[in-house]
Each structure stands twice: as structure tokens, then as C-alpha cells.
Amino acid sequence: MNSEIPSTNSEIRLYAIQRLSKLLKHPDDLQFKLEGIKSKLTQEKMLIDAQLSADVQRHFDDVQEGLDLLFSTEDQINKVKVDMKKVDKLCSDAQGFISNYDRIKKISIAHKNFEQTELFYQKFRSFNQQCENVSNMLKNANNDIEKFDFNLLIMHYQINKLESFRRQAIALTENCEDDVRMTLSEVFLDFENLSEAFEFFIWQVASRLYDLGANQKYSVIVHLLKVIESEEANDAAIIKEKEHKALESSRGLIGSISFNPLSGNKVSKPDMKLKNYKKKFFETIHKIVSDRMHEFFTEVIMDDDEINKTTELVIDDLLFVAENIVPCVPPSYGLFDVFLNQYHLTVVEKVKEMSSSEMDGRSILNILSLARQYQSKMRKDLGIPKEKLQPPLLEGREEKLSNDYLDLVRSKISEWITNLMTTETKEFLERPKPPEVGENNQFVMQGSIIMFEIINQQVDLAIESMRGKLVCDVVYECNKIFAVTNKKWKMLIEAESKKQIENPEEVAEGLVDYIMALSNDQLRCVEFSEAIQTRLCDQLSRAYQEKLSTELGSAMEGSSTDICCVVYGRLVPARFAAAGD
């Protein structure tokens, strides 16, 4: 309604006319509805006036209250000023009331320093004994490290106490002679060795994260993370104080701050070194995963045919981490993603190492199969999208590997078919014995059987890669070789038929039988191709099924038609020529 309220006189008049036109739609409404409309409008006006009055009163009250607070605040400030002057006067007068005030103050400071010196002396005397106690605890923990029967928090707390005292002692001797500082360094040498040994022990425990999870020693993992968190908080305090001191230095304030070591136990944190435990923890995880995968690739994966086991290992390990380690670690660490990224990078490096060396066809297919299976199972079993697996496993080299494999297929099949053709054509030309008789008492040759054994082997290998396009490409390469082979047979039949007609005495006997055997062999190729198509029907998507059907259909129909036309075109003249002889 607020958006419809007019602002100018003309708009008000127009609005009033529109409102009346809605209320008084018929002439009779003036007689029967006029009083009701007046009453309704009067009530609306009274309601609006009441709301306006209430709003104005509320705003007025708020303003009045604000003014009252402002005046009272000014009175309170003036009162505080008067009270502060009184306090200052009392403090200055009090020093005159007490005789020997300066001497008493100095004695008080001396007494305080004496107490602190006594406390420092007691700590210094017990320092070596405390070091020995912690050292024994650490020694026992090292002996039982496989049992995980130790308490990291207690050792860490004790070492932190000793470290704090050591820093305090070094700060006290900052302005002493060199021999004093050297003597103190020798006193603390055992502790420094103990501190280094404890840090080494910390990362020894961290390197056994899998064992801790497998043995359900979750408390040790929690203690380990508590130690890391404590050191991270200390590092953050050091960084903050360094930044603060750098800011003070830039403002020229550093000389105005005096420091008396005896006034307390605190030591300037900028003098302390950062330990970076969180960073070292992640580095330890990287080493754990790298060592585990290296062991897997060297001891479990005996050859490239077993590379697909990699996916199962990665998924099993990540599920173990998610169930047994991640719940013990603060969510801010993103520990699962740390493990995931390290496993993925290790697999990427292994695949890169394999693909950078010279590979046979099966190794290429194994890598292509791994890439497809890896991505699919990571999404299905762990819910990890492919966008999170960076860089991609093959880093965009799928097409190159597929082309490399097709080149190998083309080369190998061409070599095998060439050898087969050499044997088959030699037998066809020399015809030392009649052709073999098949199941239907028809002459046949063995070329089609051997040829399709070769093709089936290559197709089966391509199917293992789970790439429909690659299967179709393999069939396409085979078709190109079929075309070359059929062309050779066609030329050979024409040449032999011509010799049979023109110089029958130079031609070995049985040409007609061998031509019939070749024709039957070509028809059998059609049957074999249909068998391949049927076998692959359920293993390829619809798009690739149609492409495969087209490839096989066109190749077999074309080749068999060409050969059969040549056969039947030359068979009759050859038979008559043989009969004439």
C-alpha cells in the first residue's frame, strides 16, 4: 500500500477519484452505501491518527531519553576527573607520610628478587635430575614403541617446563662473561640432546599412524595431535610477538621498553625458534604414503598386468584412514584430503613413470584401464568427483596412449597377417595337395581361422581397457588390413586364372578347388565377424554398438563381395580351361 500512496495534490485528487469509483460503482450506492462508507473511512482515519500519535510519542521519548543520558554522562565524567585528582593527591601525600619510603621500596624489591633467586636456584639444582627422569621415560617409551604403551603428553609437559627454565637461565646470563655463558651451555647440553631425542621420537610415533589405527590406539593419536597443537600455538605466539616487535621498532619505541630478567619468568618469544610441527606432521604423512605405495609397487605388483590392483589398495587405505585416523584429528587439518592428495600424486607419478618408458600393447591397455577404473571407483566407493583428483591420472595423455596402442596393433597385425598371407599364397600358388575339406564337405582354407584368432585377441585386450572407442578403433585398423589382404587375393586370383587360360601347362593343378576354398574361407570370415559383433553387443554402449556394427558390416560385406565376384567371375573360365586340358 505504501508504494501506492500519492505524493502531489494532483495525484491525491486522482487517487481519491479512483478510490470512490471502486466504492460507488452504481447510482444506487449513493443512497444505500454512503453512510457505511463514511463510517468506514472515519474509523480508518481514527486508526491512522492513533498510530501516528503513538509513533510520534515514541520518537519523542527516545530523544528525551538520549538527551538525559548525554547530560548524566557529562556529570559522571566531571565526577571521575575530580576523584582522579583526589587519588593523585593522596598518592603524592602518602609518600611524605612514610619515613624512609625509598629505602623500604628498595628493600621490598630486593626481597622479591631474593625469593625469585632462591626459586631459580632450587630449579637449577633439580634440573639434571628432572632431565634424567624424562630421559628414562623416553627410553622406556622407545623400548615399547611397538606396544604404544607410553604417554606423550606427560613427556611433552615435562620437557616444556625444562625448556622454559633453560630459556630463562640463558636470558639471565645474556650480559655475563663468555665463560659463564659457555659453562651454562655445557650444563644444558644433555637437555638439548633430550629435546632432540623427544622430537625424533614424536615423528617415529607419527610414522606409525597406520599401526596406531589398526591397534585402536586412538588415545596415542590424540596425544600426538595435542603435542602438535601445543607447539603450533607456541609458534603462533612467537610470530605474533615478532610482528609486534617489528612494528614497535618501525615506530622507534623499542628503546623505551626495559626488561629485567629477575622481574619474572617470561622470556622474549622472538628469541625462540619455530618448530613447525604441523608442517612436519604433513611431511611425515607424505613419507608414510610414499613408502607404502613404493612397497606395494615393488613387492605386490610383480608386472604391469597387476597395475589395476592399485585402485583397490588406495580405496582400502583411504577407508581405513577415514574410519580410524581422521576422527582423532582436528577437522581444520583436512587430514583425509591430505591423504587423498598424496595417494593420488603417488599413483600419478607411477603411471607417468610407466608411460614414459617403452611399453608393449598390453601395458598401454593396462594403464588406460587403470585410469578409467580408478576414476569410476573413487567416485562410487568414496564419493570423490574427478574434479578433486588433480592432476588427472594420465594428465591428458589418453589420446596419445590410444594412438600409440593403435600403432602397435597396426604394426603387429600387419606383421602377423603378412606372415599368414605368405604361407597361404605359397600354398595357393604351388597347390601341393588338394585343399582341406570342412564340416560341410566343402573345400576350405585355414587363413580365416588364424586371422580371426588374432583379431579376437586384440579385441579382448581392448575390451579390458573399458574404452568403447578404442575397441572400435582396433576393429577399424583390422578392417584396413583386411582391405589390403583382400586386394592381394583378388590380384592373385586374377593372375592365376589368366595363366590357367593362357598358359595352362605352367599352372599347377587344382586351381578351381583352391578358388572355391578361398571363396568359402571368405564367407566364413563373415560368420566370424558376426560372432564378434554378437559377443561385443552387451559390452559396449549403444553408440559404440552401432559404430562397431557399421565397421564390421561394411568391411565384411565389401571384402566378401569383391572376392566372391572375382571368384565366380574367374571360376567358370578356369573350369572350362581345366576341362579343355
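Phe148 sits in the loop between α4 (101-143) and α5 (152-172), where helices (H or I, at least four residues) and strands (E, at least two) are DSSP runs numbered from the N terminus. The model is a predicted one, in which local features need pLDDT of at least 70, side-chain atom pairs count only at pLDDT 80 or more, and totals for chains, interfaces and linings use all residues. Residues are numbered from 1 along each chain as its sequence is written, and side-chain values use heavy atoms, with hydrogens and water left out.

Phe148 counts as buried, at 5% relative accessibility; here buried means under 20% relative accessible area, exposed over 50%, and partly exposed in between (1.4 Å probe, protein chains only). Gln216, in the loop between α8 (209-214) and α9, is exposed, with a relative accessible area of 58%.

For the chain as a whole, 18 helices and 2 strands are found. Of its 581 residues, 34% are buried. Among contacts (heavy atoms within 4.5 Å) with a separation of 6 or more, 80% are between residues 24 or more positions apart.

The largest nonpolar core contains 115 residues; such a core is a set of buried Ala, Val, Leu, Ile, Met, Phe, Trp, Tyr and Cys residues joined through side-chain atoms within 4.5 Å. Phe150, Leu152, Phe281, Phe339 and Met378 touch the most other members. Helix α16 (residues 468-502) supplies the largest share of this core, with 10 residues. At least three residues of the core come from each of domain 1 (278-395) and domain 2 (406-579), the bounds being those of an automatic or database domain assignment. Residues up to four places away in sequence aside, Phe150 touches Ala141, Asp144, Ile145, Met155, Phe201, Val205 and Val220.

Beyond its neighbours within four places in sequence, Val314 is in contact with Met293, Tyr343, Val347 and Met378. Val314 and Met378 are 64 residues apart in sequence, with a C-alpha to C-alpha distance of 8.9 Å. The other, Leu389, belongs to the loop between α13 (361-382) and α14 (398-430) and is buried at 5% relative accessible area. Not counting residues up to four places away in sequence, Leu389 touches Leu340, His344, Tyr374, Met378 and Ile384.

Turning to helix packing, α9 (residues 218-250) and α10 (residues 277-300) pack at an angle of about 140 degrees, their axes 8 Å apart. Axes are lines fitted to C-alpha atoms, for helices over the stretch in contact, and angles run from 0 to 180 degrees between N-to-C directions. The angle therefore makes α9 oblique to α10, given that angles under 35 degrees count as roughly parallel, over 145 as roughly antiparallel, 65 to 115 as roughly perpendicular and the rest as oblique. Leu224, Leu225, Val227, Ile228, Glu231, Glu232 and Asp235 of α9 meet Tyr277, Lys278 and Phe281 of α10.
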